[in-house]
Amino acid sequence: MLVFAALLAVVAFAVFGLAGKSATTGRAAPALPREHLAGADVTAASLRGHPVLVTFWASWCEPCAQEAPALERFSQVPRGRGMLVGVNWSDTSPSAARAFIKRYAWSFPNLRDPEEASGHEFGVTGLPTTFLIDSEGRLRATLRGPQNERSLQRALASVGG
């Protein structure tokens with residue numbers, strides 16, 4: 001169960017161009033929320049042995065909308081090297097979250113954290129925030145604010161993805 005939890009989450013504070021390292025870098029990642037929203041199911045087997053980028057977003061978040069097309073493009077690139085998982089954070093309406101996913105044609109897995117519990121464990125303080133875990137389930141970086149394909153690729157490459 002600990003391995004599953006470690007593989008399903010993310011946090012750390014080595015932001016590429018946005019912030020510095022944090023004392024939490026290297027700790028085991030907390031579990032992601034269990035509520036499936038869209039895309040493929042996320043399982044321990046699907047995450048095992050690969051780096052994972054977990055991005056927290058909300059349908060009402062304008063910077064999340066700015067970032068959305070880059071996330072989908074990026075999700076098509078790292079196949080076999082890493083994985084992108086979205087977490088809808090704080091939306092009270094699952095239909096608003098699903099409409100956002102549909103609007104941006106997201107194909108990567110998305111989970112739902114309506115009560116913000118998982119986000120608080122990760123250290124989310126604003127949106128969007130993307131967390132990187134390595135292939136061993138350790139938190140390695142936090143990217144705050146809208147990302148682009150290059151910053152996401154750089155983060156993935158930093159842990160061998």
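Trainee: Which residues do ring pairs link into a cluster?

Mentor: Rings of Phe, Tyr and Trp (its six-membered ring) pair if their centres lie within 6.5 Å; planes under 30 degrees apart count as stacked, over 60 as edge-to-face and the rest as tilted. This is a predicted model, in which local features need pLDDT of at least 70 and side-chain atom pairs count only at pLDDT 80 or more, while totals for chains, interfaces and linings use all residues. Residues are numbered from 1 along each chain as its sequence is written, and side-chain values use heavy atoms, with hydrogens and water left out. The cluster linked by ring pairs is W57, F100, Y104, W106 and F108.

Trainee: How many aromatic pairs does the structure hold, and why is the pair of F56 and F131 edge-to-face?

Mentor: The count of aromatic pairs is eight. For F56 and F131, the ring centres are 5.6 Å apart, and the pair is edge-to-face because the planes stand at 85 degrees.

Trainee: Which strands hold F56 and F131, and how many residues apart in sequence are the parts that this pair ties together?

Mentor: Strands (E, at least two residues) and helices (H or I, at least four) are DSSP runs, numbered from the N terminus. Both F56 and F131 are buried, meaning under 20% relative accessible area, against over 50% for exposed and partly exposed in between (1.4 Å probe, protein chains only). F56 belongs to β2 and F131 to β5, so the parts tied together are separated in sequence by 75 residues.

Trainee: What is the angle between the planes of W57 and W106?

Mentor: W57 is buried at a relative accessible area of 0%, and W106 is buried at 8%. W57 lies in strand β2 and W106 in the loop between α4 and β4 (110-113), 49 residues apart. Their edge-to-face pair has a centre-to-centre distance of 5.0 Å and an angle between planes of 90 degrees.

Trainee: How many residues does the largest nonpolar core have?

Mentor: A nonpolar core is a set of buried Ala, Val, Leu, Ile, Met, Phe, Trp, Tyr and Cys residues joined through side-chain atoms within 4.5 Å. In the largest one, F56, W57, V85, W106 and L127 have the most contacts inside the core. At least two residues come from each of β1, β2, α3, β3, α4 (94-103), β5, β6 and α6.

Trainee: What is the strand order of the open sheet, and which strands stand at its edges?

Mentor: Two strands pair if DSSP finds at least two bridges between them. The six strands have mixed pairing and the order β1-β4-β3-β2-β5-β6. One side of each edge strand is left without a neighbour in the sheet, because each has a single partner strand; these are β1 (35-38) and β6 (139-144).

Trainee: What is the bridge partner of T130 in β6?

Mentor: Strand β5 (residues 129-133) runs antiparallel to β6, and five bridges join the two. The partner of T130 is L143.

Trainee: Which hand does the disulfide of C61 and C64 have?

Mentor: A disulfide is a pair of cysteine sulfur atoms within 2.5 Å, and a search of the whole structure finds one. Here C61 is joined to C64 at an S to S distance of 2.4 Å. C61 counts as buried at 5% relative accessibility, as does C64 at 1%. The torsion about the S-S bond is about 80 degrees, so the disulfide is right-handed.
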